[in-house]
Amino acid sequence: MEHLTRQGLQRNLRIIPKISTDLALVFADSPFGEFIKKYMTKDFQIVTDMTRPDEKNGSEAGAILVKELRNRGFNHKFTVYTSNESKAITALNKHAGNLLQGFSNYAVHTKPREFLKFVCS
């Protein structure tokens, strides 16, 4: 997060952290979330961890978030950060597979350097 914040100061990158899937969806449904969905289609990225242990289905929380955001019309670039790439891809296919068909602007990362490169690009 510190590295992203430093990069953000250099690249006009702003981070809007949310600590749960539910709070991220509340934000997405807010007037600011609606503005982002409609007008910030190129400049806004969604970044999520795959796992949030405190949530129901916490091992697939990132995939559930992606599904819910896609269902709400968010077609932004996104990345999922995880410790297990194959489990993350399986979860994405399970929850959002049909919503990702034809959509290539996403990534699953296990290595910090690759993750930062994707987010800061």
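Thr-79 lies in strand β2; strands here are DSSP runs of E with at least two residues, helices are runs of H or I with at least four, and both are numbered from the N terminus. With a relative accessibility of 1%, Thr-79 counts as buried, a term for under 20% relative accessible area, with over 50% being exposed and partly exposed in between (1.4 Å probe, protein chains only). Leaving aside residues up to four places away in sequence, Thr-79 touches Ile-46, Val-47, Thr-48, Ala-107, His-109, Phe-115, Phe-118 and Val-119, contact meaning heavy atoms within 4.5 Å. The model is predicted, so local features need pLDDT of at least 70 and side-chain atom pairs count only at pLDDT 80 or more, while totals for chains, interfaces and linings use all residues. Residues are numbered from 1 along each chain as its sequence is written, and side-chain values use heavy atoms, without hydrogens and water.

Next comes the interaction of two helices. α4 and α5 pack at an angle of about 15°, with their axes 8 Å apart; axes are lines fitted to C-alpha atoms over the stretch in contact, and angles run from 0 to 180 degrees between N-to-C directions. α4 is therefore roughly parallel to α5, as angles under 35 degrees count as roughly parallel, over 145 as roughly antiparallel, 65 to 115 as roughly perpendicular and the rest as oblique. On the α4 side, Ala-63, Ile-64, Val-66, Lys-67, Arg-70 and Asn-71 meet Ala-91, Leu-92, His-95, Ala-96, Leu-99 and Leu-100 of α5.
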